[in-house]
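Take a look at the chain below.

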Amino acid sequence: MTDERPKTWKVVTAAILDFLLVFFVGGYLIALLTGGLTNGGFQLNGFPALLLFALIVLYFWGMKRLGGTLFKRLFGLVGKVD
C-alpha cells in the first residue's frame with residue numbers, strides 16, 4: 001500500500017490560482033458595486049478592500065468545509081490534501 005501524496009507544485013499552483021480567481025473576480029465585483037472601477041481595472045480602499053479580504057478568507061474556509069477549492073478539484077487533489 002503506497003501513500004500517494006500529491007506533488008507539491010500541484011498544491012501550490014492550485015492555491016495560487018484559487019487566490020487569483022477570488023481576488024480578481026471578487027475584486028472586480030466589489031469595485032463594480034462600490035464605484036472602485038478604474039480605466040486599468042479596479043482600486044479598492046477602506047471598507048471595500050476589507051470586504052475583499054474577508055471574501056478571500058471565506059472562500060478558502062468555506063470551500064475546505066465543502067471538500068476542496070475549485071482548483072484542488074480540477075487538479076484532482078480532493079481527498080489527498082488537508
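**Getting oriented**

H1 is followed by Gly35, whose phi is positive, near 80°. Helices (H or I, at least four residues) and strands (E, at least two) are DSSP runs, numbered from the N terminus. This is a predicted model, in which local features need pLDDT of at least 70, side-chain atom pairs count only at pLDDT 80 or more, and totals for chains, interfaces and linings use all residues. Residues are numbered from 1 along each chain as its sequence is written, and side-chain values use heavy atoms, with hydrogens and water left out.

Q: Which pattern does the protein follow along the sequence?
A: The protein has three helices and two strands. Read along the sequence, they give α-β-β-α-α.

Q: What radius of gyration does the protein have?
A: The radius is taken over C-alpha atoms, and the globule rule is 2.2 Å times the number of residues to the power 0.38. For a compact globule of 82 residues, that rule gives a value near 12 Å. The C-alpha atoms here fill a box of roughly 55 × 25 × 15 Å along the principal axes. The protein itself has a radius of gyration of 16 Å.

Q: What percentage of the 82 residues counts as buried?
A: Buried means under 20% relative accessible area, exposed over 50%, and partly exposed in between (1.4 Å probe, protein chains only). By that rule, the buried share of the 82 residues is 24%.

Q: How far does H1 reach from its first C-alpha to its last?
A: H1 has 27 residues.

Q: Which elements are included in what covers the buried residues of H1?
A: The buried residues of H1 are Ala14, Asp18, Val22, Gly26, Gly27, Ile30 and Ala31. Contact means heavy atoms within 4.5 Å. The cover includes strand S1 (37-38), strand S2 (41-42), helix H2 (47-65) and H3.

Q: Which helix supplies the largest share of the nonpolar patch?
A: Like charges are joined within 9 Å, nonpolar side chains (Val, Leu, Ile, Met, Phe, Trp, Tyr) within 5 Å. Helix H1 (8-34) and helix H3 (70-74) each supply at least two residues. The largest share, six residues, comes from H1.

Q: Is Leu74 buried or exposed?
A: Leu74 is found in helix H3 and is one of the residues of the nonpolar patch. Because its relative accessibility is 59%, Leu74 counts as exposed.

Q: How far apart in space are Val57 and Val22, C-alpha to C-alpha?
A: Val57 lies in helix H2. Its relative accessible area is 43%, so Val57 is partly exposed. Val57 and Val22 are 35 residues apart in sequence, and their C-alpha separation is 9.7 Å.

Q: Which residues does Val78 touch, not counting those up to four places away in sequence?
A: Val78 lies in the segment after H3. Val78 is partly exposed, because its relative accessible area is 38%. With residues up to four places away in sequence left out, Val78 touches Gly67, Gly68, Lys72 and Arg73.

Terms used: Patch = residues over 30% accessible without salt bridge, like charges linked within 9 Å, V, L, I, M, F, W, Y side chains within 5 Å. Areas by Shrake-Rupley, 256 points an atom, 1.4 Å probe, with all protein chains shown as cover. Salt bridge = Lys/Arg side-chain N within 4 Å of Asp/Glu carboxyl O. Expected span 1.5 Å × (residues − 1).
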